[in-house]
Amino acid sequence: MEELKEASATKLHEEDVDIKPAVRVEDTPPTADEKTESESACRMDIKPSTTSAERHISIQTKLEGLETLVDLDGAGRKMCPLCPEEKFKASYSHKLRRHLQNLHWKVFVEFEGQKMCICHLPCRTLKSSINGDQVSGRHVAHYHCIVCSVTIARKTDMISHLKRHVNKGETEASYSGSIGTPQEEPALSGQAYEIMKELGTNVQLLPNHTTPQKSDTYFNRKMKTNRQLVFCSLAVLAGERNPLECLDAFGATGIMGLQWAKHLRSAVRVTITDINEACVKMIKENSELNLIRVEGGSSRSLLGSDVATSCLEEEAKAPIASIEVTKMDANVIMHLRPFDYIHLDPFGSAVNYLDAAFRNVRNLGIISVTSTDTSSLFAKSPNVTLRHYGCHIVRTEYYKELAARMVVAAVARAAARCNKGIEVLMAVALEHFVLVVVRVLRGPTQADESARKLRKLVHCQWCEERIFLKQGSMVDETLPCSCHGSLPGKTTVQLGPLWAGPLFNTGFLRRMLCAAVQHSMEDIQPLVKTLICESECTTFKSMVHAAFTNQVECGVVIKTLQSGDKSGFTDQAGKRKSVEESGNVVKKLKGDMSLEHPPFYYSIHRHSIRGMNMPKLNKFLQYLTEAGFRVSRTHFDPTGVRTDATLQQFKSVLTKYSAPTYTNEATQTNVTTGEAV
């Protein structure tokens, strides 16, 4: 009698726990087709489309949906639909209900109203042993992604995984909508684009374009100044000779190369390259958005439906320019093809691409380098600085100019390895980046001349006086300050090696200003004017009233725009000079070292006297000029003063024109009476 009762209870239990074959492990062996389907659905590498019919049983909208997987109202013991038998044995309804609530439902991950409960079934692929065999181990709890059906063990990892889907514009609908439609690549029209316009160029951006770690097509709005400075430098080179072979080595959205092609037209032949396939697609889309033809590309429109509808009239027009878009590593394409202009703007340091850039660049070409690793450049990570740039630096008041000279030194060393020299046309260090623009001069003589400008810098850690170390000089004897004699211990350190030459070329900057005015770049015009004043080490008023002179650049005298003077090189009598005489003038001007601006600057706030009111900055510049020193403001520091005066002379002028905050009589009265002021 007892055996009959046990047999009937067992039969009732089997009827109650009748679950889908794809989820439960039955006693009967599955067929070959069912086994293949189950293994392919549970493998992490494959991402099948998920619909409501094929959704895993652990994904539910309410707790009642999870309880309906098992008949909790029936009698007898029942198995958990999300746990194997060795983890949770058959239990009665009240215990199974608590198990579903506490173990599976409380730790769910929600996405678009769907709850992904934790699953303990053997869905994850077992780890392989050293011999390649599948080893049996305990089953790891995991979640099933509602979008791509992969299994992820940790809850925090699943949340991050879903955020990546959201950032890429992927939802459950975008995956389920592709069922039965075999495509070689995912449709980009389902992604939400943002159209941004800069300098007359439209680019479409993904929602996560501001996060480089989560986006392939990274775009930084704060780098607008950098892009405009690079554009002006290319416009100046295009005015010298054309057509130019230009390379944007890190395209991303392609906005920089598109601006070159759209505004300079036939003067440049732009090549945009990127190693990422998504970036290449985005560049081609943005090219069609700006009516720029991609050479060798398909005429099929890649834009989304909304963008294509808004641009129907523009697409009917003929392309205004053409560019070349390649999917290639920057080092590879710079080794394969020669260019006149190369722009390097990687995410971080650009030292890994300098050798390839100088390998094939043409003579008198220009290389612009943008470095965004500000933590190492601004002495926040000295170990990284030593590893990337081979320089030892400390935090100083002139740390931004120190960073610019450090980048130029790395560029000069890379050029010297290729028997090339450089002439620095511009070096800008702002909050987010350091931009260096150099002209390439071929020949071992030019390389030796550039290498001789790499020197150590002697820096006093007490008063922050600094001077470039000459060969064969003692360290303590070179500094004009007397801190090493009056203070105990070592007060000086050697920094570098750094670039000791000039950081600006006045003639090139003046033509950049003309290009900025011509292309209506009002944002960078004040910055370029400051750079011109800094290169000449003069104030803005002196620059406005003084007549423009001939500027020497790469051994060539460049005539800047002057009102009322349209002739060439003339002498005092008004006669035109011969070629030999003009060449002598070039050599004379190149040998005149007084034309170079003094290195580094002093901060007026850093060296202010305690208890004294400093004069206004413009007034202080006037006082230094009256004292016979060359003086100008600097873009590196809004409170900085670039001058050829020593720190002792700088402090003496500052002390002379600073007013005390209180009088001596008031001080004596306060001391005698003991009353507070």
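Asparagine 290 sits in the loop between α9 (277-289) and β10 (292-294), with helices (H or I, at least four residues) and strands (E, at least two) taken as DSSP runs numbered from the N terminus. The model is a predicted one, so local features need pLDDT of at least 70 and side-chain atom pairs count only at pLDDT 80 or more, while totals for chains, interfaces and linings use all residues. Residues are numbered from 1 along each chain as its sequence is written, and side-chain values use heavy atoms, with hydrogens and water left out.

Back to asparagine 290: at 2% relative accessibility this residue counts as buried, where buried means under 20% relative accessible area, exposed over 50%, and partly exposed in between (1.4 Å probe, protein chains only). Its side chain reaches the backbone oxygen of asparagine 286 at 2.6 Å. That is a polar contact, i.e. a pair of N or O atoms within 3.5 Å; within protein, one must be able to donate a hydrogen and the other to accept it, and residues adjacent in sequence count only if both atoms are side-chain atoms. Leaving aside residues up to four places away in sequence, asparagine 290 touches Gly200, Thr201, Asn202, Leu258, Lys262 and Ile320, contact meaning heavy atoms within 4.5 Å.

Next, the helix packing. Two packed helices are described by the angle between their axes and the distance between the axes. For helix α7 (residues 224-240) and helix α20 (residues 506-518), the angle is about 105° and the axes are 9 Å apart. The axes here are lines fitted to C-alpha atoms, for helices over the stretch in contact, and angles run from 0 to 180 degrees between N-to-C directions. On the α7 side, the contact is made by Leu229, Cys232, Ser233, Ala235, Val236 and Glu240, and α20 brings Phe508, Arg511, Met512, Ala515 and Ala516. Sorted by type, the residues of this contact come out as 8 nonpolar, 1 polar and 2 charged (Ala, Val, Leu, Ile, Met, Phe, Trp, Tyr, Cys and Pro count as nonpolar, Asp, Glu, Lys and Arg as charged, and the others, Gly among them, as polar).

The loop between α7 and β8 (244-248) holds proline 243, which is joined to asparagine 242 by a cis peptide bond with omega of about 0°. In β8 itself, 5 of the 5 residues are buried, so the strand is largely enclosed by the rest of the structure. In a regular strand the side chains alternate between the two faces of the sheet. Both faces of β8 are covered, with Leu244, Cys246 and Asp248 buried on one side and Glu245 and Leu247 buried on the other. Strand β8 runs parallel to β9, and 5 bridges join them; two strands pair if DSSP finds at least two bridges between them. Aspartate 248 stands opposite isoleucine 272 in β9.

Strand β13 (residues 361-371) is mostly covered too, with 8 of its 11 residues buried. Its parallel neighbour is strand β12 (residues 339-344), linked to β13 by 5 bridges, and tyrosine 341 has isoleucine 366 of β13 as its bridge partner.

Most residues other than glycine have a negative phi, and most peptide bonds are trans. Arginine 265, in the loop between α8 (255-264) and β9 (268-273), has a positive phi of about 50° although it is not a glycine. Serine 520 also has a positive phi, about 60°, and lies in the loop between α20 and α21 (525-536). Arginine 265 is partly exposed at 43% relative accessibility, and serine 520 is partly exposed at 46%. The peptide bond from glycine 496 to proline 497 is cis, with omega near 10°, and proline 497 is found in strand β18 (residues 492-499).

Finally, an open sheet of 3 strands runs in the order β21-β24-β23, with antiparallel pairing. Strands β21 (602-603) and β23 (631-633) stand at the edges, each with a single partner strand, so one side of each has no neighbour in the sheet. Strand β23 is joined to strand β24 (residues 640-643) by 3 bridges, and serine 632 stands opposite arginine 642 in β24.
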